[in-house]
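Subject: Structure handover

Hello,

Below is the structure I said I would pass on. My notes on what was found in it follow.

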Amino acid sequence: MIPEDLRYTAEHEWVSGDGTGPVRVGITHFAQDALGDIVYVQLPEEGTELAAGDSMGEVESTKSVSEIYAPIAGTVVARNDTLGDEPELINAEPYAAGWLVEIAPADPAALEGLLDAAAYQALTES
């Protein structure tokens, strides 16, 4: 459940895209599985400027509330408003319909600093 074509953070976010345009961000299968049934998502507004590591929202489950962190610096250019009515999409399809936001990177090279699939898998197994 760790797609090879994505990049990852130690906080269990994934990033799709090469940085030449906006990148899509979500939480991993590992994260949604640990959270349990997701019941609410708070996402940043479009136009929000983020620094890498900034809190950019919350995911609330039946077990806990977890912060979502910006994997890279940039500007939020889209958010998945469907999650307002259907937060469970994160559980059902964390790498597809359950995406959270799209960010226009301030520095596309920052993506190279994120974990690849093998490194993320090693992190989740330790």
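I start with a hairpin. Gly 17 has a positive phi near 125° in the hairpin of strand 2 and strand 3, where six residues lie between the strands. Helices (H or I, at least four residues) and strands (E, at least two) are DSSP runs, numbered from the N terminus. Two strands pair if DSSP finds at least two bridges between them.

Please note that this is a predicted model, in which local features need pLDDT of at least 70 and side-chain atom pairs count only at pLDDT 80 or more, while totals for chains, interfaces and linings use all residues. Residues are numbered from 1 along each chain as its sequence is written, and side-chain values use heavy atoms, with hydrogens and water left out.

Strand 2 and strand 3 run antiparallel and are joined by four bridges. Ser 16 has Arg 24 in strand 3 as its bridge partner. Strand 1 pairs with strand 2 (residues 13-16) in the antiparallel sense over two bridges, and Tyr 8 has Trp 14 in strand 2 as its bridge partner.

These strands belong to an open sheet of six, in the order 1-2-3-9-8-5, with antiparallel pairing. Strand 1 (7-8) and strand 5 (49-50) are at the edges with a single partner strand each, so one side of each has no neighbour in the sheet.

Strand 9 has pairings with strand 3 and strand 8. Three bridges link strand 9 to strand 3 (residues 23-27) in the antiparallel sense, with Arg 24 opposite Glu 102. Five bridges link strand 9 to strand 8, also antiparallel. Here Val 76 stands opposite Ile 103, and Arg 79 stands opposite Val 101. Strand 9 (residues 101-105) is largely enclosed by the rest of the structure, because four of its five residues are buried. Buried means under 20% relative accessible area, exposed over 50%, and partly exposed in between (1.4 Å probe, protein chains only).

Strand 6 (residues 55-61) pairs with strand 7 over five bridges in the antiparallel sense, and Ser 55 has Tyr 69 in strand 7 as its bridge partner.

The largest pocket

The largest pocket has a volume of about 170 Å³. On a 1 Å grid over the protein atoms alone, a pocket is an open set of points with protein on both sides within 12 Å along at least five of seven lines, and lining residues have an atom within 4 Å of a point. Helix 1 (29-35) and strand 7 are the elements that give two or more residues to the lining, and strand 7 gives the largest share, four residues. Among the lining residues are His 12, Phe 30, Val 59 and Tyr 69. The lining divides into seven nonpolar, two polar and three charged residues.

Two loop residues

Pro 87 lies in the loop between strand 8 (74-79) and helix 2 (89-92). Pro 87 counts as buried, at 5% relative accessibility. Leaving aside neighbours within four places in sequence, Pro 87 is in contact (heavy atoms within 4.5 Å) with Ile 38, Val 39, Tyr 40 and Val 41.

Ala 51 sits in the loop between strand 5 and strand 6. Ala 51 is partly exposed, with a relative accessible area of 35%. Its C-alpha atom is 8.9 Å from that of Thr 75, which is 24 residues away in sequence.

Regards

Conventions. On a 1 Å grid over the protein atoms alone, a cavity is a set of points where a 1.4 Å probe fits but cannot get out, and a pocket is an open set with protein on both sides within 12 Å along at least five of seven lines; lining residues have an atom within 4 Å of a point. Grid points are joined across faces, edges and corners, and a volume is the space filled by probe spheres set on the points. Ala, Val, Leu, Ile, Met, Phe, Trp, Tyr, Cys and Pro count as nonpolar, Asp, Glu, Lys and Arg as charged, and the others, Gly among them, as polar.
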